[in-house]
Amino acid sequence: MADILKLNAISPLADGIFANYNYSDKIEEPDGIMVRSAQMADYPVGKKLLAVARAGAGTNNIPVAAYTEKGIVVFNTPGANANAVKELVICELFLGGRKICEAVDWVKTLKGKGAEVGKLVEKGKGDFVGGEITGKTLGVIGLGAIGIAVANAAYALGMNVVGCDPYLSTANALLLNPAVKVAPALDDVYKACDYISVHVPLTPDTKGMFNGKTIAALKDGAVLINNSRGELADTQAVISALESGKLSRYITDFPADELIGVKNAICVPHLGASTPEAEDNCAVMAAKQLTDYIENGNVTNSVNYPAVSAPREGAARICIHHKNVANMIAQLTAAVSSFGLNIENMTDKSKGDYAYCLIDVNVAPAAELKEKLAAIDGVVRVRVII
Ligand code: MLT
């Protein structure tokens with residue numbers, strides 16, 4: 001029975017999927033980990049650890065590169081919380097145009113004015129006039145599951161929508177409303193849009209992508225919405241842009257101390273995926289991906305290893321994480337053949353510098369085959385599933 005550590009509170013809908021596992025927050029040497037936002041940089045990785053499943057989209061709380069080198073698969077759950085985040089973005093589009101937050105705060109100051117409240121409201125409401133989103137242009141940076149949901153919903157609300165994503169997959173492109181324009185370069189989005197909503201992961205390439213230079217390229221008075229990660233924007237550059245009026249609003253799900261209280265900054269306490277529906281969806285998806293990997297070696301929605309899944313054939317499955325280098329497959333198959341085994345099925349795919357291989361064989365291999373495979377230069381990890 002494999003051991004799964006829960007590093008955060010996870011929806012109880014995952015419990016049934018782990019019915020045949022030791023699944024708790026007390027496991028010391030886990031085979032797998034379920035995590036939401038717990039910071040894993042200092043987590044002491046044991047030898048048994050096969051995989052980490054993040055019930056959410058971002059994986060910046062997990063030291064992915066170090067895990068890749070150890071052959072530990074990191075999963076996320078793309079799309080599972082997309083509807084929840086989309087709904088928050090739609091709310092923020094309205095908050096970007098209308099002065100609802102300020103107006104609601106102002107109404108609180110009328111407490112105790114008794115019968116005067118109605119008159120004061122009519123007199124004061126002129127300070128809170130705001131614009132509609134219909135007919136305005138929204139730029140969506142990043143057209144993954146969330147970006148697509150946002151783009152389609154904003155279009156349905158009457159906005160003109162321009163998207164941009166250098167990594168747009170064919171599958172995602174087909175989900176995009178054809179009326180949404182796809183711009184070839186970010187600059188085309190920056191200069192054209194009244195609203196910008198960013199939906200990209202935090203990576204060394206995207207960190208600080210909204211800085212003094214890129215903000216200067218935006219339309220004057222643009223509304224910038226960031227529900228992805230705070231570090232995508234340079235906070236000081238955002239504050240200067242709010243002060244100068246270059247940005248009319250900055251709305252983020254990732255408050256920074258410097259931003260709190262700044263005029264026209266709206267800070268939401270990371271509520272994008274905080275709905276019971278999204279928490280259930282993420283937990284179920286993460287748990288299914290983790291158990292399929294532990295039981296069958298199949299990899300679906302990993303951020304560090306390629307998607308490799310196949311129905312089981314033969315008596316045993318050999319799972320091999322290896323570096324993406326020449327002559328690897330020939331060496332793997334030669335090693336398997338040297339033990340007299342017949343390969344029933346084999347799939348090998350790469351992702352960047354690493355690759356993953358599934359080999360189904362007709363009989364359960366001797367333990368020495370695992371050692372022989374592991375000794376090949378460039379092989380990172382070998383696991384045999386009977
Ligand atoms: C995500 O990465 O999925 C969202 O930011 C929500 C979360 O952190 O759970």
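A polar contact is a pair of N or O atoms within 3.5 Å; within protein, one atom must be able to donate a hydrogen and the other to accept it, and residues adjacent in sequence count only if both atoms are side-chain atoms. The model is predicted, so local features need pLDDT of at least 70 and side-chain atom pairs count only at pLDDT 80 or more, while totals for chains, interfaces and linings use all residues. Residues are numbered from 1 along each chain as its sequence is written, and side-chain values use heavy atoms, with hydrogens and water left out.

**View 1. Asparagine 296 in helix H10.** Asparagine 296 has its place in helix H10, residues 276–296; helices (H or I, at least four residues) and strands (E, at least two) are DSSP runs, numbered from the N terminus. The side chains of asparagine 296 and aspartate 292 are joined by a polar contact of 2.8 Å. With neighbours within four places in sequence left aside, asparagine 296 is in contact (heavy atoms within 4.5 Å) with Thr291, Arg312, Arg317 and Ile385.

**View 2. Strands S13 and S16.** Strand S13 (residues 316–323) and S16 run antiparallel and are joined by 6 bridges; two strands pair if DSSP finds at least two bridges between them. Cysteine 319 has arginine 383 in S16 as its bridge partner. Strand S16, residues 379–385, is mostly covered, with 5 of its 7 residues buried. Here buried means under 20% relative accessible area, exposed over 50%, and partly exposed in between (1.4 Å probe, protein chains only).

**View 3. Two asparagines with positive phi.** Asparagine 301 lies in the loop between H10 and S13. Its phi is near 60°, a positive value in a residue other than glycine. Asparagine 301 counts as partly exposed because its relative accessibility is 26%. Asparagine 327 is found in the loop between S13 and helix H11 (328–338). Although asparagine 327 is not a glycine, its phi is positive, at about 70°. With a relative accessibility of 52%, asparagine 327 counts as exposed.

**View 4. Leucine 88 in helix H2.** Leucine 88 belongs to helix H2, residues 82–97. A relative accessible area of 15% is why leucine 88 is buried. Leucine 271 is 183 residues from leucine 88 along the chain, yet their C-alpha atoms are separated by 7.9 Å. Apart from neighbours within four places in sequence, leucine 88 is in contact with Asn227, Asp253, Val268, Leu271 and Gly272.

**View 5. Tyrosine 43 in a loop.** Tyrosine 43 lies between strand S3 (32–35) and strand S4 (51–54), in the loop. Tyrosine 43 counts as buried because its relative accessibility is 18%. Residues up to four places away in sequence not counted, tyrosine 43 touches Leu5, Glu28, Pro30, Ile33 and Tyr67. Tyrosine 43 and aspartate 220 lie 177 residues apart in sequence and 45 Å apart in space, C-alpha to C-alpha.

**View 6. The second largest pocket.** On a 1 Å grid over the protein atoms alone, where a 1.4 Å probe is used, a pocket is an open set of points with protein on both sides within 12 Å along at least five of seven lines, and lining residues have an atom within 4 Å of a point. The second largest pocket has a volume of about 180 Å³, a volume being the space filled by probe spheres set on the points, which are joined across faces, edges and corners. Helix H1 (residues 64–69) gives the most to this lining, with 4 residues. Among the lining residues are Val303, Asn304, Lys351 and Tyr354. By class, the lining has 4 nonpolar, 3 polar and 3 charged residues; Ala, Val, Leu, Ile, Met, Phe, Trp, Tyr, Cys and Pro count as nonpolar, Asp, Glu, Lys and Arg as charged, and the others, Gly among them, as polar.
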